[in-house]
Amino acid sequence: MSARDSWEHEQEAIYLYGALADAERNPEQRQLFAHLADEARAQSKIWADAATRDGAPVPAAFTPRSRVRLVATLARRLGPARVRRVLAAMKVRGMSAYGATPHGHATPQSAEEIGKRHRGAASGNLRAAVFGANDGLVSNASLILGVAGAAGAAEGGATGGSGHAVVISGIAGLLAGAFSMAAGELISVTSQREMLERQIAAERDELAQYPEAEAAELSLIYQARGLPKEDADRFAERIVANPKYALDALAREELGVDPAELGSARGAAISSFFSFSIGALVPLAPFAFARGQSAFVASIALTAVALFSVGAAISLFSGHGAIRGGLRMLLVGTMAAGATFIIGRALGVVVG
């Protein structure tokens with residue numbers, strides 16, 4: 001990023017900080033944004049001087065882009081907290097001060113804690129796999145039962161209907177869903193990674209250009225979250241002085257960005273494909289070994305057990321009891337599959 005680009009970013013930040021200060025009702029938050037605006041002005045001056053030395057002087061007046069004006073309008077109308085994700089994406093600092101950022105951090109108590117508190121993010125892969133399997137299970141179970149109901153009605157009322165039609169539909173649903181999930185994850189993670197890399201790269205440049213100003217901004221954020229000024233200043237200086245933690249802390253606390261989230265788009269796509277496929281295979285499997293009524297009943301039973309198991313597994317991430325989570329997932333899945341079966345049965349009667 002050139003010095004002039006960095007100057008433009010700081011100018012946009014000044015404009016947005018003014019809008020946030022106007023919209024914020026909390027005096028402490030309002031003061032935080034006012035201080036951050038002052039820091040941005042100082043940093044803007046540094047980048048302006050650098051741009052002049054590079055032979056690309058900045059214009060005398062700055063006009064914010066329409067996108068920046070739109071975000072400022074939304075912040076004034078809806079409040080900063082409601083558009084904090086958009087603001088963080090635009091590299092507006094201070095979003096973590098709300099305590100409801102994308103990761104909801106509390107103020108760290110030591111520099112070491114910054115590096116440790118998100119090392120459990122590897123569990124995100126397991127969480128994604130569990131939810132992917134759940135999506136495959138519910139969606140394909142609903143599809144299979146809907147087709148089974150429609151085929152049975154069309155064939156004279158026999159529950160389960162033609163095994164061939166159900167198997168073909170189930171395989172089609174598995175493949176369509178798995179490829180759709182994989183493509184969606186590939187695009188989503190790639191876009192997110194590009195955005196986070198750009199933000200972190202900009203933060204790295206600023207940390208190298210003016211570490212004292214970055215420490216001051218970090219201190220302001222900690223003060224807004226309840227830390228005494230002396231402690232916040234001392235803690236921020238310790239963090240910025242340590243390259244091992246500085247960029248990580250600045251990305252989290254100023255931008256609400258977790259560097260650990262820079263995952264592999266290809267890995268996410270592959271994981272989604274296989275986890276969805278595994279879930280989608282569960283209600284389909286009985287039809288590979290049986291037909292008609294027996295396959296239909298076996299599919300329902302196996303799906304019910306899988307739904308309860310997935311719900312219990314999800315409870316590990318939600319903190320609720322396993323039985324409660326399992327029963328809730330079983331209820332939701334039963335309602336979805338039951339509704340699809342009833343609709344399919346009705347359509348089968350009409351078509352038949």
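At what angle do H2 and H8 pack, and how far apart are their axes? In this predicted model, the two helices pack at an angle of about 175°, and their axes are 10 Å apart. Because angles over 145 degrees count as roughly antiparallel, H2 is roughly antiparallel to H8. On the side of H2, the contact is made by Glu 28, Gln 29, Leu 32, His 35, Leu 36, Glu 39, Ala 40 and Gln 43, and on the side of H8 by Ala 213, Glu 214, Ala 216, Glu 217, Leu 220, Ile 221 and Ala 224. When the residues of this contact of H2 with H8 are sorted by class, eight are nonpolar, three are polar and four are charged.

Helix H8, which spans residues 211-224, also packs with helix H9, residues 229-241, and here the axes come within 8 Å and cross at roughly 135°. H8 and H9 are therefore oblique to each other, and the crossing in which H8 passes H9 is right-handed. Pro 211, Glu 214, Ala 215, Leu 218, Ser 219, Tyr 222 and Gln 223 contribute to this contact from H8, while Lys 229, Ala 232, Asp 233, Phe 235, Ala 236, Glu 237, Ile 239 and Val 240 contribute from H9. The residues of the contact of H8 with H9 comprise nine nonpolar, two polar and four charged.

The contact involves Glu 12, Tyr 15, Leu 16, Ala 19, Leu 20, Asp 22 and Ala 23 of H1, together with Val 68, Arg 69, Val 71, Ala 72, Ala 75 and Arg 76 of H3. Nine residues of the contact of H1 with H3 are nonpolar and four are charged, whereas none is polar.

Aromatic side chains were examined next. The structure holds four aromatic pairs, one of which is formed by Trp 7 and Phe 62 in an edge-to-face arrangement, with 5.8 Å centre to centre and 90° between the planes. Trp 7 lies in helix H1 and Phe 62 in the loop between helix H2 (27-53) and H3, so the pair ties together parts that are 55 residues apart in sequence.

The protein averages a pLDDT of 77, and 78% of the residues score at least 70. Among the elements of the protein, the highest mean pLDDT, 88, belongs to helix H11 (residues 265-284), and the lowest, 42, to helix H5 (residues 111-116). Over residues 100-124 the pLDDT is below 50, although this stretch has 43 contacts in the model beyond near neighbours in sequence.

Technical notes
Residues are numbered from 1 along each chain as its sequence is written. This is a predicted model: local features need pLDDT of at least 70, side-chain atom pairs count only at pLDDT 80 or more; totals for chains, interfaces and linings use all residues. Side-chain values use heavy atoms; hydrogens and water are left out. Contact means heavy atoms within 4.5 Å. Helices (H or I, at least four residues) and strands (E, at least two) are DSSP runs, numbered from the N terminus. Ala, Val, Leu, Ile, Met, Phe, Trp, Tyr, Cys and Pro count as nonpolar, Asp, Glu, Lys and Arg as charged, and the others, Gly among them, as polar. pLDDT is the predictor's confidence in each residue, from 0 to 100. Axes are lines fitted to C-alpha atoms, for helices over the stretch in contact, and angles run from 0 to 180 degrees between N-to-C directions. Angles under 35 degrees count as roughly parallel, over 145 as roughly antiparallel, 65 to 115 as roughly perpendicular and the rest as oblique. A crossing is left-handed if the near helix is turned anticlockwise from the far one by less than a right angle, and right-handed if clockwise. Rings of Phe, Tyr and Trp (its six-membered ring) pair if their centres lie within 6.5 Å; planes under 30 degrees apart count as stacked, over 60 as edge-to-face and the rest as tilted.
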